[in-house]
Amino acid sequence: MIQARPDTEAEEPAAAKRPLTGAEIVFECLLAEGVSTIFGYPGGANLPLYQHLPSYPQLHHVLVRHEQGGAHAADGYARSRRGAVGVVFATSGPGALNMVTGLATAYADSVPVVAITGQVAITAVGTDAFQESDVIGSTMSVTKHSYLVTRIEDIAPTIREAFHVARSGRPGPVLIDLPKDLQQATMEFEPATEPVRLRSFPEPPRPDGMKLRRIAQLISEARRPVMLIGRGVIISGAETEVMELAHRAHIPTGWTLLGTGAFPVRDPLALQMVGFMGAGFTNRAVCDADLLILIGMRCDDRVTTRLDSFAPRVEHIVHIDIDPAEIGKNVVPHVSLVADAKTALGALLPLVEPKREHEWLTTIDQWREEHPIRFVHRNGLLQPQEVLIEMYRRCQDEAIVLADVGLNQIWAALWFDYRKPGRFLNSGGTGTMGYAFPASMGAKLSNPDKTVFCISGEGGFVMNMQEMATMVEQNIDVNVLILNNASLGMVRQFQDEFYGGIRSAVDLSFTPDFVKLGEAFGMKAMTTDRAADVGPMLDEALAHHGPVLMNFDIDRDANVYPIVPLGKGMLDFVEAS
Amino acid sequence: MSQSRLLSVLVENKPGVLNRVASAVRRRGFNIDSLSVGPTDDASVSRMTITVQVGRQQAEQATKQLAKLIDVITIDDVTGQRVVAHELLLIRMHAPHSSRRDVLDIVDIFRGRVVDIAVESVIVEVTGSTEKVDNFIELMRPFGIKEVARSGAVALVRGDDARLRLLDFELPSGEPEIHPVSGDDDEAVDTTGNV
Ligand SMILES: Cc1ncc(C[n+]2csc(CCOP(=O)(O)OP(=O)(O)O)c2C)c(N)n1
Ligand SMILES: [Mg+2]
């Protein structure tokens, strides 16, 4: 049985005023933050934490098999459920450094994670002691903030502040480096009651009424409006407000890779993913729009492709984001609003008059027909999309879907087809191969009632496959689909199309037998290369309580389309042929 | 167009803050011309004054990125505002008997002071805008400069409003309490005009 329990109300802290060790204070504080699950790995510098962990049976500790897996699991735990914060422990030196990629992944995608790393004794810090590394220095650019705790009195306030920082504003990972001697020291502990307030970190301002009226006016005047939404919409839980706005003013709405799932794909106003590997009709809509409303997104280069090709006919750009540094960073808006998406849209909606630009909607429908997202069957080989279509059919608009990085990720995003907002998790900002599998473990523990599908390439899967041991040990019911093309597919496609067709270091013909591999770890494992087997295999996986590894040997030459050739503009997309 | 921007930053007085600020600037690929840090009247707050060579939009980006740091309390791009921006120069001049008088005449014009004197040389202290200090150094060059140490600019905006008071989050935001700055304004003394 899965030991998962949803984060509870903050628990009653232990009786006040008895001396506690620093380690116990950590656990008291985690409970006070509503934490119920910790991913972690022990080692010399966090042994005091592990010494006291068993006295907190309310905390479910998941022993991951690699700290990178732990960081991604904490990310998946937080990313899959609004309000949840992922917690991960690691020891000093190599343990902490193994988490760097996981923290960077969470940082790029604004995921609230609190990492607590053991550090050598404070008296030894700076002496190049055994397993000492400068963890603060090494993680500074991949965390929202980090703390080196130097006094036992600071442990509790630091943890409280860390959770506050991780959760608020634009969320992100926070690291606490906790020297071993402080974990062992004792003090009289009194739980804090005051909420955390940071003078440098104010609440975002209320949306400015003048700007809201201006935006409403721009919407009413626009002839060719388009809305694009990103992960900010999901973080703030503004899916309903986005839907309402889209429908009130009939604004076709597309999304970024990380915004996938925020808008119902089957909605008549739905565009698709935009940009580099976005849908042709969506890119055309953006390039023809006179009003562009960007919400909770960064406008990075995967969205804009060549910057000067992005939205050439636009007369007004409205950008709403909670992070002021994102406003004007890549695309300079005419009207900007630094605000939480839900708050901003909630305030905007009453000002927006119902309208409908018939001609524009008709044009878009025409483009939608001209540029469908499609795939080509070849010589009876199993196409990845055939697998995905069968999988999405079984999601019932509810399942949590994770994708790794590469072709599998883009296929999974483009074929996501929910009728209502849903959860699609992937490493968008850093494109970290090996993210999905450990993250899916966190997602399932965070949402024990939901079906979880994890899509991965065979390349990315082996990057963190050690977590099979964790999955099996904890009996975490995740359905893994390996779309096996025996190559580093996306790199192979780039080489074929943009690097002179020279295939170099992309052949993965020598991959393990995934059935044997899965079984060696104790997973239920299956494989096929036939379309007819896909549905039954998925049904069998869903009927099985526990982790399942499914290998699909797909067409090795299947590519992602559409794609904008490197260095080209939004309208230069190449489609499947 | 690249330009020298003057950023006045109030930060938490904590270890590692300088590292964070410098890293954030470096990460965006900007070069710091000068950076000075020092305490303020509030022991928990330090002031950094940073000059960077960047365009206006880059400066905005750098400012916003810095503002995001948890240890940065406020940041103001005070370029072009009415500010007093001064730096301190210590310069060791080759000044044997034969040229000493001429050196000291120029020091006088710049309202500098001799802070150390030896047989062959003097150490002179000059404060003022970066431009003034630059000019002074140019005039010293023919006499033989032995060593130079400059502090980098520190700056305050002129007038009555003090940023530090705005930090007190107990106050209703947007309602700055007036906090008089000392009226010690030596603009008149500045030989090169102000920034
Ligand atoms: C950690 C990491 N290393 C390298 C890359 C570069 N990269 C991007 S996609 C890709 C190929 C992924 O291959 P696979 O996991 O088999 O997925 P496929 O594209 O074949 O679906 C590579 C190597 C990356 N994104 N992450
Ligand atoms: Mg592959």
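Which polar backbone atom is 2.7 Å from an oxygen atom of ligand 1? That atom belongs to A:Gly460. Before going further, know that this is a predicted model, in which local features need pLDDT of at least 70, side-chain atom pairs count only at pLDDT 80 or more, and totals for chains, interfaces and linings use all residues. Residues count from 1 along each chain as its sequence is written, chains are lettered from A and ligands numbered from 1 in the order in which they are written, and side-chain values use heavy atoms, with hydrogens and water left out.

Back to the ligand. An oxygen atom of ligand 1 also sits 2.8 Å from a polar backbone atom of A:Gly489, and one is 3.0 Å from a polar backbone atom of A:Met490; polar contacts here are pairs of N or O atoms within 3.5 Å. Of the 580 Å² of accessible area that ligand 1 has on its own, the protein covers 77% (Shrake-Rupley method, 1.4 Å probe).

Now step back to the shell. Ligand 1 has 17 residues around it, with A:Leu407 and A:Asn408 among the closest (a heavy atom within 4 Å). They split into seven nonpolar, nine polar and one charged, with Gly counted as polar. Helix α19(A) gives the largest share, four residues (helices are DSSP runs of H or I, at least four residues; strands are E, at least two).

Over in chain B, strands β6 (residues 113-117) and β7 (residues 121-128) pair in the antiparallel sense over four bridges, where pairing takes at least two DSSP bridges. The two form a hairpin with three residues between them, and B:Asp116 stands opposite B:Ile123 in β7(B).

Key. A polar contact is a pair of N or O atoms within 3.5 Å; within protein, one must be able to donate a hydrogen and the other to accept it, and residues adjacent in sequence count only if both atoms are side-chain atoms.
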